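Here's a quick briefing for anyone meeting this structure for the first time. Have a look at the chain below, then read on for a tour by topic.

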Amino acid sequence: MAVKLGRNDACFCGSGKKYKKCCMLDIATDQHSLQGIDLAWRNLRELEGAVLDKHLIPYATQNLPTKVMQQAVEYCLPDELPTPLDKELLFKNFFIPWCIFNWIPLSDFGLKNFNAKITLAQNYMQHHASALNNKEKRCIIAMQPTFYSFYSILRVEENKALHVKDMLLGTTHMLKERLGTQMLKRGDIIFGRILTLDKQSIFVGMAPFTLPTDYHHDLIDFRKWLIEENDGKALTPDALRNELDCDLLDYFF
């Protein structure tokens, strides 16, 4: 049976100091640090949920005419979805965030005060900014430059974090993803987008389907093809978000 040290007992490290003035301080600091990291991650997840559920999803699905979402579906999704995909999860977890933060309608649908050359999220910001608090505004602004890419899982810290590599840009990232650590393993490939805010990074709008490891070679060829489509220039976040977004969707499906 383990013996619990009292605050005034001699520290187990052999320093000769009392526990409360030695390793107890280090343990408390570590625990506080972990709690702080978890709190920051939880705050970001809650902020993302509030922005979508309270503001942007009602705006896109209730305030705007049905034809807006119908056109977005026609642009984003193929006529026949691959069999393994859960259509409900695909629509909620992947399509809705893409539609709100990535899609440029290029039509005003006959609506007043609707800018067809910016995203639905940006339209909401322009005309309903008073409904947003400062944190929600920062979240929407931080989402605007985010882009979809294919990420290879490098390492999984169970219930803590995912270490991933962007297979198109070559960058590496550490993301707080508790649920993801239970579902993914080293070598898996996922299609998603990373939001970074206040030094915390999370996936937003990740597709609910994992590509097997043997797609690594196919993605190398796909990357070469994308560079050709990008006039031979190196791939950038801006190119992936704007010029090549449709190509990424087509390849994934």
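This is a predicted model: local features need pLDDT of at least 70, side-chain atom pairs count only at pLDDT 80 or more; totals for chains, interfaces and linings use all residues.

A residue counts as buried under 20% relative accessible area, as exposed over 50% and as partly exposed in between, using a 1.4 Å probe and protein chains only. Residues are numbered from 1 along each chain as its sequence is written, and side-chain values use heavy atoms, with hydrogens and water left out.

**The overall layout**

- The chain has nine helices and five strands; these are DSSP runs numbered from the N terminus, with helices (H or I) of at least four residues and strands (E) of at least two.
- Going along the sequence, you'd read the pattern α-α-α-α-α-β-β-β-α-β-β-α-α-α.
- Contact here means heavy atoms within 4.5 Å. Take the contacts between residues at least 6 apart in sequence, and 55% of them join residues at least 24 apart.

**The sheet**

- The five strands make an open sheet, ordered E3-E2-E1-E4-E5, with antiparallel pairing; two strands pair if DSSP finds at least two bridges between them.
- Strand E3 (172–176) and strand E5 (200–203) are at the edges with a single partner strand each, so one side of each has no neighbour in the sheet.
- On average, neighbouring strands of this sheet are turned by 50° against each other, direction ignored.
- Strand E1 (residues 148–157) and strand E4 (residues 189–197) are antiparallel partners over five bridges, and Ser 149 sits opposite Gly 192 in E4.
- E4 and E5 are antiparallel too, this time over four bridges, with Leu 197 opposite Gln 200 in E5.
- E4 and E5 form a hairpin with two residues between them, and Asp 198 in that turn has a positive phi of about 55°.
- E4 is mostly covered, with eight of its nine residues buried.

- Axes are lines fitted to C-alpha atoms, for helices over the stretch in contact, and angles run from 0 to 180 degrees between N-to-C directions.
- Helix H9 (residues 245–252) also lies across E1 and E4, running at about 60° to E1.
- Helix H2 (residues 66–76) meets H3 with axes that come within 10 Å and cross at roughly 105°.
- H2 and H3 are therefore roughly perpendicular to each other; angles of 65 to 115 degrees get that label, while those under 35 are roughly parallel, those over 145 roughly antiparallel and the rest oblique.
- Residues making this contact include Met 69, Ala 72 and Cys 76 of H2, along with Phe 91, Trp 98 and Cys 99 of H3.

**Cysteines**

- How many disulfides does a search of the whole structure find? It finds zero, a disulfide being a pair of cysteine sulfur atoms within 2.5 Å.
- For Cys 76, the closest cysteine sulfur is in Cys 99 at 8.2 Å, which is too far for a bond.
- Cys 76 is buried at 3% relative accessible area, and Cys 139 is buried at 2%.

**Buried charged residues to look up**

- Asp 188 sits in the loop between helix H6 (178–183) and E4, and Asp 188 is buried with a relative accessible area of 6%.
- The side chain of Asp 188 reaches the backbone nitrogen of Lys 185 at 3.0 Å.
- Leaving out residues up to four places away in sequence, Asp 188 touches several others, among them Tyr 151, Met 183 and Thr 210.
- Lys 176 is in strand E3 and is buried, with a relative accessible area of 11%.
- A polar contact of 3.5 Å links the side chains of Lys 176 and Gln 200. Such a contact is a pair of N or O atoms within 3.5 Å; within protein, one must be able to donate a hydrogen and the other to accept it, and residues adjacent in sequence count only if both atoms are side-chain atoms.
- Asp 245 lies in helix H9 and is buried at 5% relative accessible area.
- Apart from neighbours within four places in sequence, Asp 245 is in contact with Trp 98, Asn 102 and Leu 240.
- Asp 245 and Ser 149 are 96 residues apart along the chain, and their C-alpha atoms are separated by 9.2 Å.
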